Amino acid sequence: MKSILVVDDEQSIRFSLQAIFSKDYVVITAENGQEALRLAEEESPDIAIIDMMMAGMSGLELLPKLKELDPNLTVLVLSGVHEIPDVVKAVQLGAAQYLPKPFNVQEIRLAVEMALRETGRANEISALESEMSRWYDPNGVVGRSPQWRETLSLLERAAKAADTTVMLYGESGTGKELLARLTHNLSSRRAAPLIPIHCAAIPETLLESELFGHEKGSFTGASQRRRGCVEMADGGTLFLDEIGEMPVSMQSKLLRFLQDHSFMRVGGRTYCHANVRVVGATNRDLRQGVQEGWFREDLFYRLNVVPIMIPPLRERSGDVPLLVECFLDHFRRECGGQMRDVSAEAMALLNAHAWPGNVRELRNLMERIVVLHGREAVLLPEHLPPEIRQGGARAGHEPVPATFPLSMEAAVCNLETRLIRQAMAEADGNLSKVAELLQTTRRIVKYKADSYGLT
């Protein structure tokens, strides 16, 4: 629950504001500036309402001290003295709003609700910027290998051409979605939304509606008009993930949209327009798809304006130690573990691994190790799974251990991982063929592959 710090030397004002807000918020009260600073430091409120004229420390003196404790704290100022210079000074010191006394209950409710909404939005933006500065800035993305830096350099140049279509090619787990977000963030469209759509995860019958939206009554269950991803991305970027899985029947409709940025909702009779930049991603060879007939040639050339090849982790020489350090640090802070270092023997094994699941596989492994062994200070070889400890033993040929260091659940996970990897290699990553080889359903294969960081 959000919290409000109320600072006023009049007890009646404190009681009134507590009565107004206590049902929806945690209300903390203070009768002077010193008490307010102590409570602000202890309780970290989301918003503060302070009186301008108080004995001892005034509101104008308190305000900068509160902002010093928490620069993101939203402060509303109350005062019965309506002096313009005081209002200007309060705003200059960081006050979000200046409210007169006596206050109107509805007005102060609205002011607090709007301030909290803006605070939440600012926190989301701050968190996003922090995350993006870590992962998406070309000078801060984890990795120093020449292959990785060359990819980022090309992507940075492509991103600045805000209307140019970009196609990202790479194996599963190489970071296609992260680089799609980087493309958006580095472009002039970054203030508008990036809307992703996973072409393989949506049934063919619903994909058109998901992409272009639908009108009320256009099909059973369409109880109202719905905007599609194209419309929601207007002014920003539309990310078409796994576009190689898009049915041919939908490819023609996407091509028509790419030609003039116009589209028609399902069940609609008029054309709509959306100004979007399209970024596509796939782990399949679209040129081969054109030759084999499962991908339209004209759409391929529309999409393939700036093709960017993302190197697999096994080709990013020297990046594994950097990624291991980064993920360990992240999960240590997230899970509260102690693990900070990696032994030379464990790092040698990690470097030698082929990483068929790429960065996603490495990330999932580091999370698992921190969760299971995070109380230890150093990552040791015994913390690694058998396929890494044994230098990538061939699937299906691992010796049965003399003792049982693994739980049954962990052993099943290891076996399923090996089987899925082997089937993926034989089926060239086609999940439908993998499911057929393993005599199960595509949905189960996809769920398990995602869980184990294999797709």
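The accessible surface of the chain comes to about 23,700 Å² (Shrake-Rupley method, 1.4 Å probe; for residues, only the protein chains shown count as cover). Carbon and sulfur atoms hold 51% of that surface. The model is predicted: local features need pLDDT of at least 70, side-chain atom pairs count only at pLDDT 80 or more, and totals for chains, interfaces and linings use all residues. Residues are numbered from 1 along each chain as its sequence is written, and side-chain values use heavy atoms, with hydrogens and water left out.

The secondary structure consists of 19 helices and 14 strands. These are DSSP runs, numbered from the N terminus: helices are H or I with at least four residues, strands E with at least two. Of the 455 residues, 46% are buried. Buried means under 20% relative accessible area, exposed over 50%, and partly exposed in between (1.4 Å probe, protein chains only). A contact is a pair of heavy atoms within 4.5 Å. Among contacts with a separation of 6 or more, 68% join residues 24 or more positions apart.

**Helix α6**

Helix α6 covers residues 146-160. Its 15 residues should span 21 Å at 1.5 Å a residue, and the end C-alpha atoms agree at 22 Å apart. The expected span is 1.5 Å times one less than the number of residues.

| α6 residues | State |
|---|---|
| Trp 148, Thr 151, Leu 152, Leu 155, Ala 158, Ala 159 | buried |
| Pro 146, Glu 150, Arg 157, Lys 160 | exposed |

Seen down the axis of α6, the buried residues fall within an arc of 125°, so they line one face of the helix. The arc is taken from the directions from the helix axis to the C-beta atoms. The exposed residues in the table lie on the other side of α6. The buried residues pack against β6 (166-169), α7 (176-185), β11 (277-282), β12 (306-309) and α13 (319-335).

**Leu 5**

Leu 5 sits in strand β1 (residues 3-7). It counts as buried because its relative accessibility is 0%. Leaving aside neighbours within four places in sequence, Leu 5 contacts Ile 28, Ala 36, Leu 39, Ala 40, Pro 45, Ile 47, Ala 48, Ile 49 and Leu 66. Ala 36 is 31 residues from Leu 5 in sequence, yet 7.7 Å away, C-alpha to C-alpha.

**Leu 438**

Leu 438 is in the loop between α18 (431-437) and α19 (442-451). Its relative accessibility is 30%, so Leu 438 counts as partly exposed.
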